[in-house]
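Take a look at the protein shown here. The briefing below walks through its helices, core, charged pairs and surface.

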Amino acid sequence: MKKEDILAKIDEKYENLGENPETYLSGLLQAKPINYWDYIQVDTLLSLQKTRTDFEDEEIFVMYHQVTELVLKLMIHELKQITLKDLDETKLIDKIQRITRYTEMLMTSFDVMRNGMDYDDYNTFRATLAPASGFQSAQFRFLEIYCTPIENLINVKGKERLPKNPSTVDLFDQVYWKDAGHNRKTGKKSLTLRAFEEKYLDDFIALAKKMEGNTLAEKYLQIENPSEELTTALRGLDYLFNVEWPIIHLNTAQHYLNKKGESKAATGGSEWQKYLHPKYQQRKFFPALWTEEEILHWAENA
């Protein structure tokens with residue numbers, strides 16, 4: 001595009017906004033060139049690693065979880081576009097494949113945790129983290145809500161406890177992740193769960209109501225004659241995210257919490273051996289894509 005054409009387009013852009021193009025061109029003349037470190041905000045990013053002890057490997061622990069949160073944000077970025085827009089199948093498959101690659105990143109990154117920290121140091125500094133727990137990741141919960149209706153995030157026992165015609169609040173009372181901190185026999189909740197609910201539960205409920213009829217699972221069901229490629233992509237993502245990744249997480253936890261047969265408690269107080277297993281969680285984003293037999297034996301061989 002020639003210089004005069006560019007200037008004409010600039011004039012048109014700002015005139016359509018009711019603005020004076022010369023004001024913006026004058027500002028551009030005075031503006032400093034942008035640098036990589038300013039654009040990415042590197043100095044700010046690298047200042048966010050705050051540890052609670054002097055153990056060197058605690059900084060690795062902090063950075064690993066910060067990287068995880070950034071990857072989850074990438075996934076949510078794609079899910080917002082999928083659920084808030086009407087995409088054709090080609091674009092939808094592309095975005096599902098992006099989310100799948102991000103999930104694979106999270107899976108392979110667990111090696112940083114499993115093999116990248118001193119065992120004794122970790123089991124010393126982790127005591128300072130109670131009652132914080134990884135299950136308090138709000139982005140993980142937002143991601144689930146974008147993917148599927150809440151009833152798909154409730155295991156068999158939770159569904160048995162639901163009233164007839166449950167409200168969104170009723171559904172959240174039985175969502176699988178609450179079992180990490182809710183003793184169903186006594187009704188008592190851990191401090192970890194209480195703090196998490198106080199900060200985020202209203203946001204989760206609001207998003208779930210907003211997403212009714214528009215989750216990724218429901219978007220798929222609205223497509224007439226979906227392609228085999230799309231169906232395969234969704235099945236692959238479902239199993240990867242809801243079976244294979246939790247198993248890697250469980251194995252990593254076992255490495256640090258049960259390596260010597262000590263069966264240490266999680267910092268959030270959950271029964272992690274049971275809670276982390278996908279067979280217990282029974283989380284499925286797209287249950288319509290699985291046979292009754294597959295659902296019945298979900299993750300049994302994982």
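What follows is a short tour by topic.

This is a predicted model: local features need pLDDT of at least 70, side-chain atom pairs count only at pLDDT 80 or more, and totals for chains, interfaces and linings use all residues. Residues are numbered from 1 along each chain as its sequence is written, and side-chain values use heavy atoms, with hydrogens and water left out.

**Overall build**

- The protein has 16 helices and zero strands. Helices (H or I, at least four residues) and strands (E, at least two) are DSSP runs, numbered from the N terminus.
- The C-alpha trace spans about 75 × 55 × 35 Å along its principal axes.
- The protein has 302 residues, and 41% of them count as buried. Buried means under 20% relative accessible area, exposed means over 50%, and partly exposed lies in between (1.4 Å probe, protein chains only).
- The accessible surface comes to about 17900 Å², with 52% belonging to carbon and sulfur atoms. Accessible areas come from the Shrake-Rupley method with a 1.4 Å probe; for residues, only the protein chains shown count as cover.
- Take the contacts between residues at least 6 apart in sequence: 71% join residues at least 24 apart. Contact means heavy atoms within 4.5 Å.

**The nonpolar core**

- The largest nonpolar core has 68 residues. Such a core is a set of buried Ala, Val, Leu, Ile, Met, Phe, Trp, Tyr and Cys residues joined through side-chain atoms within 4.5 Å.
- Helices that each supply at least two residues of this core include α5 (57-84), α6 (89-115), α11 (191-210) and α13 (228-257). The helix that gives the most is α13, with 11 residues.
- Met75, Leu143, Phe172 and Trp177 have the most contacts inside the core.
- Which residues does phenylalanine 172 touch, leaving aside its neighbours within four places in sequence? Its contacts are Ile145, Ile150, Trp177, Lys178, Leu201, Phe204, Ile205 and Ala208.

**Salt bridges**

- The whole structure holds 12 salt bridges. A salt bridge is a side-chain nitrogen of Lys or Arg within 4 Å of a carboxyl oxygen of Asp or Glu.
- Glutamate 78 pairs with lysine 95 in a salt bridge, with the closest N and O atoms 3.0 Å apart. Glutamate 78 lies in helix α5 and lysine 95 in helix α6, so the pair ties together parts that are 17 residues apart in sequence.
- Both glutamate 78 and lysine 95 are buried. A network of salt bridges links Glu78, Asp94, Lys95 and Arg98.
- Glutamate 144 forms a salt bridge with arginine 141, at 3.6 Å between the closest N and O atoms. Both lie in helix α8, three residues apart, about one turn of the helix.
- Are glutamate 144 and arginine 141 buried or exposed? Glutamate 144 is buried, because its relative accessible area is 1%. Arginine 141 also counts as buried, at 4%.
- Glutamate 197 forms a salt bridge with lysine 189, the closest N and O atoms being 3.0 Å apart. Glutamate 197 counts as buried at 11% relative accessibility, while lysine 189 counts as partly exposed at 30%.

**Glutamine 49**

- Glutamine 49 sits in the loop between α4 and α5. Its relative accessibility is 16%, so it counts as buried.
- The side chain of glutamine 49 makes a polar contact with the side chain of glutamine 66 (2.5 Å). A polar contact is a pair of N or O atoms within 3.5 Å; within protein, one must be able to donate a hydrogen and the other to accept it, and residues adjacent in sequence count only if both atoms are side-chain atoms.

**A surface patch**

- Ile34, Tyr36, Trp37, Tyr39 and Ile40 make a nonpolar surface patch of about 650 Å². Patches are made of residues with over 30% relative accessible area and no salt bridge: like charges are joined within 9 Å, nonpolar side chains (Val, Leu, Ile, Met, Phe, Trp, Tyr) within 5 Å.
- Isoleucine 40 is in the loop between α3 (36-39) and α4 (42-45). Isoleucine 40 is partly exposed, with a relative accessible area of 37%.

**Backbone exceptions**

- Most residues other than glycine have a negative phi, and most peptide bonds are trans.
- The peptide bond from alanine 130 to proline 131 is cis, with omega near 5 degrees. Proline 131 is in the loop between α7 and α8.
- Glutamine 282 has a positive phi of about 55 degrees although it is not a glycine.
- Alanine 299 has a positive phi too, near 65 degrees. Alanine 299 is in the segment after α16.
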